[in-house]
Amino acid sequence: KRIISKMGGFISVKSTLGKGSEFMFVVPQKVEDDRPMVAVRNAENINIIVYIDSEKYQFAEIRSSCPTFCWIVPQGKGATWQKSYEIAVDDNWDDALLHKGGVWHSGRVKSAQSTAVEYGGEELQADKTYYWSVRVTTNDGRSEWSDIQAFHTAQSLKPYAVSYRPLMREKEYPKTITRIDEQTTFIDFGKASFASLELTLECDKEQDTIFVAIGEDALDGRVNSKPHGTVRYYRYPLVLRKGRHSYPIIPADDRRNTGPQAVLVPDYLDQVAPMRYCQIDGYNGRIESQDIVRHTTVYPFDLSAARFYSSNKVLNKVWELCKYTIKATSAFGVYVDGDRERIPYEADALINQLCHYTTDREYAMARRTSEYLLEHPTWPTEWILQALIIAWNDYLYTGDKRSIEANYDILKARTLLS
């Protein structure tokens with residue numbers, strides 16, 4: 001991880017207990033020579049080809065030409081407090097290794113501030129990779145320089161613009177697979193999520209049609225086909241081909257939550273629907289766990305960032321349910337009202353914001369939602385008042401006042417004072 005970070009890239013991992021782990025890393029590189037490294041002969045005999053389309057990978061980009069920095073103060077032997085800090089920002093790795101601060105060097109600043117420390121150099125350039133590091137002086141003495149961190153700026157920059165990470169997909173496999181009868185299989189993933197499916201099935205003839213149902217509720221060991229309220233259920237026909245093939249089950253757009261006011265799934269991801277259960281009708285072949293993949297869409301979430309444990313097992317389960325709920329409902333990059341309309345509402349967003357703060361060290365999604373609601377307000381009176389509380393919470397938890405400053409006139413109008 002440290003090597004990849006030093007090269008300006010990032011690494012991610014997806015792990016499933018009992019299944020294994022999948023690692024992916026991306027390192028930006030310049031093309032120095034476009035000539036082939038080797039000549040491939042008898043290419044028709046090669047049966048493994050690796051192809052990576054870089055456009056399919058999304059990167060977190062800094063959208064502000066004057067960003068802010070934050071860090072965790074290293075813990076000493078006892079109570080520790082920061083006395084000063086130094087930040088070095090460079091635009092190449094060699095200078096970053098020496099912490100030259102060729103782009104900006106803060107010098108030694110006597111301050112206890114370790115969040116929302118504003119960049120003080122010349123405006124950053126668009127579409128460029130930068131490297132930064134920090135060292136601090138505490139009551140225990142001066143620390144070593146931190147690991148060098150890389151970040152990339154967006155194609156266009158503003159003095160202030162909220163930055164956020166792109167949505168991602170996680171592969172998940174069933175918790176249980178139950179054969180109801182020769183033609184019906186019931187699959188339970190254990191928890192609901194916003195997702196699409198991928199089935200790998202084998203058929204001994206062409207044009208054989210089966211049906212795949214997905215939903216949030218189960219009734220009598222099957223997917224509930226008539227759930228109440230906004231609980232979802234969908235059923236799709238699937239035409240099989242002869243042999244063993246993989247079939248994507250992409251939920252169709254639902255007019256109830258894909259209207260002009262809805263927050264849509266980004267183009268680089270498939271459409272999703274809330275689902276916990278899947279039911280396959282008309283298929284009598286054997287289905288293993290690895291044959292059913294749920295592709296869950298989420299905002300990057302660190303499940304290890306917060307922990308709660310008590311002697312009460314029920315209370316522990318409540319905590320895990322609440323934490324998972326925050327992760328599962330992050331699937332659209334802003335806090336929406338679930339799957340009813342997929343529209344953010346101020347009061348709902350306020351609850352999500354505070355819950356997200358307590359379950360992950362993540363503040364960008366709440367700020368993005370706050371600014372989205374300032375531009376797209378909902379109810380004209382009591383609900384829009386919540387926007388003030390959301391913006392104030394953002395400042396209290398981050399120490400970053402830029403969002404309030406940038407949106408001051410809108411926030412002032414939200415007070416409903418003349």
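Helix 6 (residues 386–398) contributes the most to the nonpolar patch, with four residues. Helices (H or I, at least four residues) and strands (E, at least two) are DSSP runs numbered from the N terminus. This is a predicted model, in which local features need pLDDT of at least 70, side-chain atom pairs count only at pLDDT 80 or more, and totals for chains, interfaces and linings use all residues. Residues are numbered from 1 along each chain as its sequence is written, and side-chain values use heavy atoms, leaving out hydrogens and water.

The patch covers about 490 Å² of surface and is made by Leu-354, Trp-392, Tyr-395, Leu-396 and Tyr-397. Of these residues, Leu-354 is found in helix 4 (residues 346–359).

Two further residues are located in loops. Val-73 is placed between strand 4 (68–69) and strand 5 (82–90), while Asn-257 lies between strand 19 (243–249) and strand 20 (273–281).

The table lists relative accessible area, where buried means under 20%, exposed over 50%, and partly exposed in between (1.4 Å probe, protein chains only).

| Residue | Relative accessible area | Class |
|---|---|---|
| Val-73 | 23% | partly exposed |
| Leu-354 | 32% | partly exposed |
| Asn-257 | 2% | buried |

Contact means heavy atoms within 4.5 Å. Leaving aside residues up to four places away in sequence, Val-73 touches Thr-80, Gln-82, Ser-114 and Thr-138. Val-73 and Thr-137 are 64 residues apart in sequence, and their C-alpha atoms are 9.3 Å apart in space.

Notes. Patches are made of residues with over 30% relative accessible area and no salt bridge: like charges are joined within 9 Å, nonpolar side chains (Val, Leu, Ile, Met, Phe, Trp, Tyr) within 5 Å. Accessible areas come from the Shrake-Rupley method with a 1.4 Å probe; for residues, only the protein chains shown count as cover. A salt bridge is a side-chain nitrogen of Lys or Arg within 4 Å of a carboxyl oxygen of Asp or Glu.
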